[in-house]
Amino acid sequence: MLLSIQNLSKSFAGVAALRGASLEMADGEIMALVGQNGAGKSTLIKILTGAYRLDEGQISFAGRDVSFSSPAESQKAGIATIYQEINLAAQRSVAENIYLGREPRRFGFLDHRGMREGARQVLQDFKLDIDVTRPVAHFNAATRQMVAIARSVTQQAKLLIMDEPTSSLDEREVAVLFETIRTLKRSGVGVIFIGHRLDELYALCNRVTIMRDGQTVAVGAMGDMPKMELVRHMLGRELAAFEALGKSADQQAERPLRLELQGAGSGLRVRNVDLTVREGEISGLAGLLGSGRSETARIIFGMDRLERGTMRMSGAGRTYDEPAEAIADGIGLVSEDRKVDGIVPDMSIRENMTLALLPKLRRAGIVDRAREDEIVQRFIKALRIKCASADQPIKELSGGNQQKVLLARWLCTDPKVLIVDEPTRGIDIGAKSEILKLLRSLADEGLSVLMISSELEELLAAADRITVLSDGASVAVLPRQAMSEKALLAAMAHQVD
Amino acid sequence: MTITDTSSAAPTVRKLSSLQLASRYGTMLALLLLILFNLAMTPNFLSWQTVNVNLTQVAAIVIVATGMTLVIATGGIDLSVGSLMAISGAVAPMIFLDTLVPIADPVLAVALAFVLPILVTMAFGWFNGMLVTRYAIQPIVATLVLFIAGRGIAQVITNGNLQVFKNPGFQFIAMGQIAGIPAQVALMLVVAAAAFAVMRYTMFGRQVLAVGGNEKAARLAGIPVRRIKILVYVISGALAGLAGLVVVARNSASDANLVGLGMELDAIAAVAVGGSLLSGGRANIIGTLLGALVIQLVRYTLLANGVPDAAALVVKAGLIVLAVYVQQRADRS
């Protein structure tokens with residue numbers, strides 16, 4: 001047994017991130033670690049790499065009980081980690097990066113020749129023949145990954161942790177990377193592979209550990225775990241059923257199309273998406289993490305360029321270069337991460353709410369405060385936003401109330417299409433069903449809602465139709481009458497075979 | 001999925017900690033203490049002349065610092081203001097001294113001497129804005145370009161010569177009086193009041209704060225982030241140009257080596273002491289005004305009581321450290 005984690009628990013400020021999680025793996029095994037956002041994968045990894053201290057539980061590594069108090073200790077014990085954003089010194093050479101922090105020395109000076117020779121040797125093992133004196137920044141993402149792996153090999157790592165290493169690689173690069181990982185495996189190194197593309201997991205890994213809600217919910221050999229089963233374990237059933245709010249598709253069929261994507265693509269993340277949103281419907285967008293849901297929303301909203309395919313708004317072809325253009329066309333977007341690109345924390349509720357409405361609120365450049373106050377009061381009441389006053393800084397509100405303010409930011413502009421990305425993330429159950437009901441009644445009044453969600457229950461309850469994305473392509477459209485947990489899971493587990 | 005209880009939480013009533021109070025009213029308090037101290041200790045403090053000396057000393061700083069406040073509110077900084085002052089200070093006398101082209105009508109010459117230099121510094125401000133937005137250069141580096149080159153440009157224009165002049169029409173901006181108030185002080189108050197109104201009542205002011213408070217969110221709300229940023233650098237350039245005119249008019253001379261020297265740091269200091277966050281998202285114009293007054297008054301107090309200017313600099317530095325410390329602590333609590 002290379003690694004055995006038992007009963008691991010960790011809380012942050014009273015909120016449990018891990019609740020008795022476990023993980024076991026043998027030498028030379030490639031273990032897939034999967035789970036939704038917030039399942040506890042990263043917390044577990046961070047404890048393993050010494051970034052966090054555990055609250056409870058036992059970890060034994062290479063036959064010894066361990067408890068790392070710093071990343072340095074974990075590395076010394078033989079655990080190496082390769083993050084998504086590779087942490088190499090971009091302007092230093094490949095050789096210097098491989099030996100960063102433990103440079104070979106001769107007579108007290110750096111042994112440059114030794115470094116170059118050593119680096120060449122290691123990279124040769126991975127069939128990589130590159131100029132090791134060139135800065136890392138000159139190479140593509142796959143090569144940088146390889147350099148990072150080579151670095152861990154020279155550190156005599158026994159366990160290699162890879163966090164979504166393929167997310168920025170193309171197919172050919174992925175193949176090279178996998179060959180490297182298999183080489184490592186043959187030499188007895190254990191690998192924990194965190195990823196979301198199921199095909200890759202099945203192609204590479206021996207076993208899989210599935211986490212949900214801070215616990216390990218299933219462990220098994222990759223071959224004995226059908227895709228459907230794996231996805232079902234990952235998503236689980238979280239909440240008691242929401243009230244069914246969706247409408248059957250035949251009621252919707254005659255409604256005119258409002259937003260239409262055909263063969264839409266941009267970069268590597270969005271390859272080929274077909275999507276329609278009709279007037280007065282909630283169109284759901286489902287898919288596993290990394291399937292390109294938020295990226296599709298970014299294209300519609302003018303944050304990323306539509307590089308391939310077409311987009312139509314009320315029948316007319318459109319491409320937006322800036323969100324401002326999408327907004328002018330009547331599109332609004334409530335983004336996935338409130339803190340990063342939603343709220344302006346120092347501004348008041350009032351100022352946050354009217355941010356997108358300002359151009360319509362001005363008279364000769366001056367904000368019409370009377371109208372602004374009237375609108376803000378109306379929405380605070382209508383959405384039942386709990387606050388001391390409209391002039392309270394938004395950062396003092398709870399997550400659910402912040403989300404309502406952000407919804408109101410768009411609703412007050414009277415949009416035609418509202419895109420909501422994970423509209424109920426991080427807010428409590430009461431507020432969740434309140435927000436879903438609100439979206440429903442807005443749709444009934446004619447608004448077109450595109451709802452992106454990881455929560456099956458939420459989609460099944462509120463959406464009139466669900467488009468499923470997988471690896472950047474739309475793979476299924478489920479009308480209301482064909483919607484079921486099983487159908488949705490099957491579609492999400494679909495991979496290009 | 002973590003489930004945090006939210007909607008049931010009662011709205012919190014805000015209580016200000018002593019640190020937050022200090023950060024909000026500290027500058028005002030410091031100013032009052034300084035005035036009280038001077039009333040007790042400095043002979044002849046309560047005279048029209050003392051007030052005038054202090055206010056005229058501070059006028060140019062406040063004008064520049066007002067523009068700086070807007071730039072800082074977007075999360076940027078403008079190091080070029082001192083050099084831009086030198087440029088406008090160099091160009092203006094050349095116009096009414098007919099060094100460039102002879103202008104027959106003296107009134108027209110003076111009018112052009114007010115307008116053209118400011119247009120020139122606005123263009124340089126636009127250049128700063130383009131570097132920051134289109135070429136995504138960090139503001140501190142982008143404006144360093146003109147910090148260095150700007151003074152050189154001013155020296156090249158004037159061949160490094162000192163321009164001495166006497167032109168009552170032009171110099172009214174510094175020497176004149178409006179209703180008994182020195183014209184430059186009136187100008188300072190008008191600039192500060194206008195900026196205050198812009199930040200408080202206009203869409204532009206709101207958008208400046210949104211860009212500085214959360215640039216991504218601002219862009220997603222359809223705010224023209226680039227245009228806003230370019231505009232604040234243009235405004236900063238215009239105000240620096242104006243301040244340059246005030247300074248040369250006051251001195252009856254323009255020396256490209258000296259006009260606006262070190263002004264960028266005085267302006268930044270006034271903004272910092274005045275309570276605007278250097279990370280952006282806030283613009284406290286009144287604070288900037290008070291901050292500039294505090295810095296000036298500290299210097300005056302020390303000088304009037306026989307402490308050398310060098311020591312005054314150390315005290316100024318100490319003030320800045322204290323102000324920034326109080327703000328950061330207040331923000332974290």
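Me: Hi! Which residue stands opposite M31(A) in β11(A)?
Reply: That would be R207(A), which faces M31(A) from β11(A). Keep in mind that this is a predicted model.

Me: Thanks! How do β3 and β11 of chain A pair, parallel or antiparallel?
Reply: Strand β3 (residues 30-34) of chain A and strand β11 (residues 207-212) of chain A are parallel, with four bridges between them.

Me: What sheet is that part of, and in which order do the strands run?
Reply: An open sheet of six strands in chain A, ordered β6-β9-β10-β3-β11-β12, with mixed pairing.

Me: And which strands stand at the edges?
Reply: β6 (79-82) and β12 (215-221) of chain A. Each has a single partner strand, so one side of each has no neighbour in the sheet. On average, neighbouring strands in this sheet are turned by 20° against each other, ignoring direction.

Me: What about helix α6 of chain A?
Reply: Helix α6 (residues 171-186) lies across β3, β9 and β10 (190-194) of chain A. Its angle to β10(A) is about 145°.

Me: Zooming out, how many helices and strands does chain A have?
Reply: Chain A has 19 helices and 24 strands. Its C-alpha atoms fill a box of roughly 75 × 50 × 45 Å along the principal axes.

Me: What radius of gyration does chain A have, and what would a compact globule give?
Reply: Chain A comes out at 25 Å. A compact globule of 497 residues would be near 23 Å, so the value agrees. Buried residues make up 48% of chain A, and of the contacts with a separation of 6 or more, 68% join residues 24 or more positions apart.

Me: What is the mean pLDDT of chain A?
Reply: The mean is 86, and 94% of the residues in chain A reach 70 or more. Among the elements of chain A, helix α9 (residues 249-252) has the lowest mean, 54, while helix α13 (residues 349-353) has the highest, 96.

Me: Switching to the largest nonpolar core: how many residues, and which have the most contacts inside it?
Reply: That core has 243 residues, and F193(A), I63(B), V64(B) and V246(B) have the most contacts inside it. The largest share, 17 residues, comes from helix α10 (residues 225-251) of chain B.

Me: What does I63(B) touch, beyond four places away in sequence?
Reply: I63(B) touches M188(B), V191(B), L239(B), L242(B), A243(B) and V246(B).

Me: I'm also curious about M228(A). Where does M228(A) lie?
Reply: M228(A) belongs to helix α8 (residues 227-235) of chain A. Leaving out residues up to four places away in sequence, M228(A) touches L489(A), A490(A) and A493(A).

Me: Last topic: which loop holds S314(A)?
Reply: The loop between β16 (308-313) and β17 (316-317) of chain A. S314(A) has a positive phi of about 45° although it is not a glycine.

Me: And N44(B), exposed or buried?
Reply: N44(B) is exposed, with 8 other C-beta atoms within 10 Å. N44(B) sits in the loop between α1 (18-41) and α2 (48-73) of chain B, and has a positive phi of about 60° without being a glycine.

Methods
Residues numbered from 1 in each chain as written. Chains lettered and ligands numbered in written order. Predicted model: local features only at pLDDT ≥ 70, side-chain atom pairs only at ≥ 80, totals over all residues. Core = buried A, V, L, I, M, F, W, Y, C linked by C-beta atoms within 7 Å. Buried ≥ 20, exposed ≤ 12 C-beta atoms within 10 Å, placed from the backbone. Helix = DSSP H or I, 4+ residues; strand = E, 2+ residues; numbered from the N terminus. Contact = placed C-beta atoms within 7 Å. pLDDT = per-residue confidence, 0-100. Rg over C-alpha atoms; globule rule 2.2 N^0.38 Å. Pairing = 2+ DSSP bridges. Axes fitted to C-alpha atoms, helices over the stretch in contact; angles between N-to-C directions.
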